[in-house]
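Here is a short briefing on one protein chain. Look over the sequence and the structure first, then read on by topic.

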Amino acid sequence: MLKKSPAFSGFSVDNIEKAKQFYSQTLGLDVSEKMGILTLNIAGGVKVGIYPKPNHTPATFTVLNFPVDDLEASVDELIKKGIVFEQYDSPELKTDAKGIHRTLDKTKGPDIAWFKDPAGNILSVLRPIQ
């Protein structure tokens, strides 16, 4: 029944105008708006819905991942645009000064850097595992 459904994911924000500015201007994504709901039109035909929620609570997990060819350059470019990357320093998860978690054992995941949108939702840029 759902096999041929063009499913999409979505998440909430507390301020749709701030979200629209962040995703369209800061991240440079194609954003459309209809009836107060944003649609991120991501490369490859992927669509992600962003909807306002008055009692929004930021997700405690990554809601959107952006695979990039050059992680270091992407992080540098986002920093220039004012993005602040998350810093982690635990035995399981450490990031460098830029906020990049560099995976020594590539079987355990990609090199990745996390940041937040204005509503506090967690996003990432990552180097896909080859």
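## A residue in the core

L40 is buried, with a relative accessible area of 0%. This is a predicted model. L40 belongs to strand β3, which covers residues 37-42. The chain as a whole has two helices and eight strands.

**Around L40**

- Neighbours within four places in sequence aside, L40 is in contact with Y23, L29, D30, V31, V46, K47, V48, I50 and L64.
- One of these contacts, Y23, is buried too, with a relative accessible area of 0%.
- K98 is 58 residues from L40 in sequence, and the two C-alpha atoms are 26 Å apart.

**Overall build**

- From the N terminus, the elements run β-α-β-β-β-β-α-β-β-β.
- The C-alpha trace spans about 45 × 35 × 25 Å along its principal axes.
- The radius of gyration is 16 Å; a compact globule of 130 residues would have a value near 14 Å, and the two agree.
- Of the 130 residues, 38% count as buried.
- Take the contacts between residues at least 6 apart in sequence: 53% of them join residues at least 24 apart.

**Helix α1**

- The buried residues of α1 are I16, A19, F22, Y23 and T26.
- Viewed down the axis of α1, these buried residues fall within an arc of 155°, so they line one face of the helix.
- N15 caps the N-terminal end of α1, with a side-chain oxygen 3.0 Å from the backbone nitrogen of E17.
- After α1 comes G28, which has a positive phi, near 75°.

**Aromatic pairs**

- The whole structure holds four aromatic pairs.
- F11 and Y23 have ring centres 6.3 Å apart and planes at 55°, so this pair is tilted.
- F11 sits in strand β1 (residues 9-13) and Y23 in helix α1, so the pair ties together parts that are twelve residues apart in sequence.
- F11 is buried, at a relative accessible area of 6%.
- F85 and F115 have ring centres 5.4 Å apart and planes at 65°, so this pair is edge-to-face.
- The F85–F115 pair links distant parts of the chain: F85 is in the loop between α2 and β6, F115 is in strand β7, and they are 30 residues apart.
- F85 and F115 are both buried.
- Ring pairs also join F11, F22 and Y23 into a cluster.

**Salt bridges**

- A search of the whole structure finds eight salt bridges.
- One of them joins E33 and K20, with the closest N and O atoms 2.9 Å apart.
- E33 lies in strand β2 (residues 30-34) and K20 in helix α1 (residues 16-26), so this bridge ties together parts that are 13 residues apart in sequence.
- Both ends are partly exposed: E33 has a relative accessible area of 34%, and K20 has 29%.
- K98 forms a salt bridge with E72, and their closest N and O atoms are 2.6 Å apart.
- The K98–E72 pair links distant parts of the chain, 26 residues apart: K98 is in the loop between α2 (71-80) and β6 (100-101), and E72 is in helix α2.
- K98 is partly exposed, with a relative accessible area of 26%; E72 is partly exposed, at 26% relative accessibility.
- A further bridge joins K116 and E86, with the closest N and O atoms 3.9 Å apart.
- K116 lies in strand β7 (residues 111-116) and E86 in the loop between α2 and β6, so the pair ties together parts that are 30 residues apart in sequence.
- K116 is partly exposed, with a relative accessible area of 39%.
- Salt bridges link E72, D76, D96, K98 and R102 in a network.

**Links to strand β7**

- What does strand β7 connect to? K116 of β7 pairs with E86 in the loop between α2 and β6.
- F115, also in strand β7, pairs with F85, which lies in the loop between α2 and β6.
- The K116–E86 pair is a salt bridge, while the F115–F85 pair is an edge-to-face ring pair.

Technical notes. Residues numbered from 1 in each chain as written. Predicted model: local features only at pLDDT ≥ 70, side-chain atom pairs only at ≥ 80, totals over all residues. Heavy atoms only, no water. Salt bridge = Lys/Arg side-chain N within 4 Å of Asp/Glu carboxyl O. Helix = DSSP H or I, 4+ residues; strand = E, 2+ residues; numbered from the N terminus. Buried < 20%, exposed > 50% of the residue type's maximum accessible area, 1.4 Å probe, protein only. Phe/Tyr/Trp six-rings, centres within 6.5 Å; stacked < 30°, edge-to-face > 60°. Contact = heavy atoms within 4.5 Å. Arc of directions from axis to C-beta. Polar contact = N/O pair within 3.5 Å; in protein donor to acceptor, adjacent residues only side chain to side chain. Rg over C-alpha atoms; globule rule 2.2 N^0.38 Å.
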